[in-house]
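Q: Hi! Could you walk me through this model?

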Amino acid sequence: MSGHTLPCCKIGPSILCADLSCLADECRKMIHSGADYLHLDVMDGHFVPNLTFGHPIVKCLRPKMPDIYFDMHMMVQNPEKWVESMADAGANQYTFHIEACEDIPALCRKIQESGMRVGVGLKPGTPVETILPYSDLFDVVLIMTVEPGFGGQSFMEDMMSKVQYLRTNFPYLDIEVDGGVGPNTIDVVAEAGANMIVSGTAITGASDPSQVIALLRNSVENAIQKSQLER
């Protein structure tokens, strides 16, 4: 897995939880509130039952926020189909689900050659060992702490064993966690070793998103500092 510097904390609000009728304004609000990147959920109605948006929306957003990091969470069948379109639209990271991919090395090469970072997502039921044969191909591993595509689920704390395994064995890896992460769950996520934090309504629905982002960041940075002192 790529990278030779210890990972730093990055907070990425999930914009799917924002008011989509004024998406650009909502995105700017998240960045001005202290977000490091934006997490954009793409659902195709096949890999997951819901349908969201695709590369045309990303292409419209990019000129309005030219310097913002777009993390595309591709909850789609045939993820290789959309690589060029997302790269052309201005995406920075392309996170596909290992459960939806047949030729993982080929897809990773395709993403890298398009100029995007390579992310791989694991559904709750997928063992972390599944990605090990391809461990040098990914920049980011996304651990889902809810079942993707369904709303209103509770955070699955038992998924933290996956995060702990990855952090122990791949100390330089960016580990992302998505699903039910907020002020009540961030400490266990941070202590497990995640450094990229996706949070939806906990941020977008807050009266003061900047306060929530700061709280999440403080927990992760404290955990990183503690782990470095223990090395």
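Q: What order do the eight strands of the open sheet have?
A: The order in this predicted model is 1-8-7-6-5-4-3-2, and the pairing is parallel. Strands here are DSSP E runs of at least two residues, helices are H or I runs of at least four, and both are numbered from the N terminus. Two strands pair if DSSP finds at least two bridges between them.

Q: Which strands stand at the edges?
A: Strand 1 (10–13) and strand 2 do; each has a single partner strand, so one side of each has no neighbour in the sheet.

Q: And how much twist, on average, from one strand to the next?
A: It averages 20°. Angles run from 0 to 180 degrees between N-to-C directions, with axes fitted as lines to C-alpha atoms, for helices over the stretch in contact.

Q: How many bridges join strand 4 to strand 5?
A: Five, between residues 93–97 and residues 117–122. Threonine 95 stands opposite glycine 119 of strand 5.

Q: Pockets next! What's the volume of the largest pocket?
A: About 430 Å³. A pocket is an open set of points on a 1 Å grid over the protein atoms alone, where a 1.4 Å probe fits, with protein on both sides within 12 Å along at least five of seven lines; lining residues have an atom within 4 Å of a point. Points are joined across faces, edges and corners, and the volume is the space filled by probe spheres set on them.

Q: Who lines it?
A: There are 26 lining residues, with Cys17, Val146, Asp178, Gly179 and Gly180 nearest the centre of the largest pocket.

Q: Where does UniProt place the "binding site" feature?
A: The unreviewed UniProt entry puts it at His39, Asp41, His73 and Asp178. They are spread over 140 residues of sequence yet cluster in space, with a largest C-alpha distance of 10.7 Å. Of these, Asp41, His73 and Asp178 belong to the lining of the largest pocket. UniProt positions follow the numbering used here, feature names are shortened, and annotations may be inferred rather than shown by experiment.

Q: Which element holds aspartate 41?
A: Aspartate 41 is in strand 2.

Technical notes
Residues numbered from 1 in each chain as written. Predicted model: local features only at pLDDT ≥ 70, side-chain atom pairs only at ≥ 80, totals over all residues. Heavy atoms only, no water.
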